[in-house]
Amino acid sequence: MQNPIHAYAVLCSTLALLMGAGSVAAQVWPTKPVRLMVPYAPGGIADTMARFTAPMLQSALGQTVLVESKPGASGSLGTEYVAKSAPDGQALLIGLAAPQTLNQFIFKVGYDGLRDFAPITLLNTNPLVLMVHPSLPVRNVKELIALAKAQPGKLRFAGAGGLTQFGGEIFKFMAGIDMVHVPYRGGAPAVAATVAGEAQLTFANYSDAVGYMQSGRLRELAITSARRFPQAPELMTIAEAGLQGYEVEGWTGLLASAGTSREIIAKLAAIVQQGP
């Protein structure tokens, strides 16, 4: 029979060697360009955050950081790609609330939003903005609800699946109205489609909405967060505007595949938290 004390010593030595190997791997990482995956079409909040984050990582790591868009299935395709990537820190993900949580209750996805990822850091939180085409004869949430009730099934709202659709579906349910969701491959294309009149309204990420709000090409009615947004304090919340209890807010984070070393995770987190 093997001496248990000897076996324990061997186990401890093995663990020490493995931990040391992990530290060495973290020191030499990255050995090639890092891919930062965006699971939606270019131009939206995920793309914006990726292009804000990539230069920080590239400067600190001394290695190229490539921003890649892989849209489809409401963000699930790009998310799954990183979930199934090697846990070596070479493929990172701009994670969003919908692909990480909601999609698993709506679609059959090839990943688990919690178990298959290693969280690195939160990048931002982002409410949605309820916006309508200027041709729609409404100036506030109550008028929109009244119009939708008078024309059941006639109003179309553009979204990209996930949170932008979820925001509209919750609005429909709580207001007791019928509207039709028109899907697009990303938040920015959905907003552009509303500007073009393909849909009458949209629930858009604030970053996708702000330019159209300022130009007047879309009319903002309210924001989806529970409290007013600091960047637009004049914009009433949907709850304040008459739909009490309504609240939808998203987030964006930086993720790696599960099993990525703690040294790499800590290094990435420190870079982003330090800022540009």
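## The largest pocket

Helix α4 (97-106), strand β4 (117-132) and strand β9 (249-257) each supply at least two residues of the lining of the largest pocket. The structure is a predicted model. The space in this pocket comes to about 170 Å³.

Which residues line the largest pocket? The lining consists of Gln 100, Thr 101, Gly 113, Leu 114, Phe 117, Pro 119, Thr 121, Leu 122, Trp 251, Gly 253, Leu 254 and Leu 255. Sorted by class, seven of these residues are nonpolar and five are polar. No charged residue takes part in the lining.

## Nonpolar cores

In soluble globular proteins, nonpolar side chains tend to be buried together. Here, the largest nonpolar core has 57 residues. Within this core, Leu 92, Ile 94, Leu 130, Leu 144, Phe 171, Leu 201 and Phe 203 touch the most other members. Helix α2 (residues 45-61) gives the most to this core, with eight residues. A second core is separate and has 13 residues, including Val 191, Ala 209, Met 213 and Ala 232.

Leaving out residues up to four places away in sequence, Phe 171 touches Leu 130, Val 141, Leu 144, Ile 145, Ile 177, Met 179, Phe 203, Ile 238, Leu 243 and Tyr 246.

## Aromatic pairs

How many aromatic pairs are there? The count comes to five. One of them joins Phe 171 and Tyr 246: the ring centres are 6.2 Å apart and the planes stand at 80°, so the pair is edge-to-face. Phe 171 lies in helix α6 (residues 162-175), while Tyr 246 lies in the loop between β8 (219-223) and β9, so the pair ties together parts 75 residues apart in sequence. Phe 171 and Tyr 246 are both buried. Phe 157, Phe 171, Phe 203 and Tyr 246 form one aromatic cluster.

Tyr 206 and Phe 229 also pair. Their ring centres are 4.8 Å apart and their planes are at 65°, so this pair is edge-to-face. Tyr 206 is in helix α8 (residues 206-215), and Phe 229 is in the loop between β8 and β9. The two residues are 23 residues apart, and the pair links distant parts of the chain. Both Tyr 206 and Phe 229 are buried.

## A buried threonine

Thr 194 sits in helix α7 (residues 187-195). Is Thr 194 buried or exposed? Thr 194 counts as buried because its relative accessibility is 0%, and buried means under 20%. Apart from neighbours within four places in sequence, Thr 194 is in contact with His 133, Ala 158, Ala 199, Gln 200, Leu 201, Thr 202 and Leu 218.

## Loops and backbone

Pro 30 is in the loop between α1 (4-28) and β1 (34-38). A cis peptide bond joins Trp 29 and Pro 30, with omega at about -5°. Pro 233 lies in the loop between β8 and β9. Pro 233 is partly exposed, at 47% relative accessible area. Its C-alpha atom is 9.9 Å from that of Ile 223, ten residues apart along the chain.

The loop between β2 (65-69) and α3 (76-83) holds Ala 73. Ser 74 is in the loop between β2 and α3 too. Ala 73 is not a glycine, but its phi is positive, near 55°. Ser 74 is not a glycine either, and its phi is positive at about 55°. Ser 74, at 15%, counts as buried.

Conventions: Residues numbered from 1 in each chain as written. Predicted model: local features only at pLDDT ≥ 70, side-chain atom pairs only at ≥ 80, totals over all residues. Heavy atoms only, no water. 1 Å grid on protein atoms, 1.4 Å probe; cavity = no way out; pocket = protein on both sides within 12 Å on 5 of 7 lines; lining within 4 Å. Points joined across faces, edges and corners; volume = space filled by probe spheres on them. Helix = DSSP H or I, 4+ residues; strand = E, 2+ residues; numbered from the N terminus. Nonpolar A, V, L, I, M, F, W, Y, C, P; charged D, E, K, R; others polar. Core = buried A, V, L, I, M, F, W, Y, C linked by side-chain atoms within 4.5 Å. Buried < 20%, exposed > 50% of the residue type's maximum accessible area, 1.4 Å probe, protein only. Contact = heavy atoms within 4.5 Å. Phe/Tyr/Trp six-rings, centres within 6.5 Å; stacked < 30°, edge-to-face > 60°.
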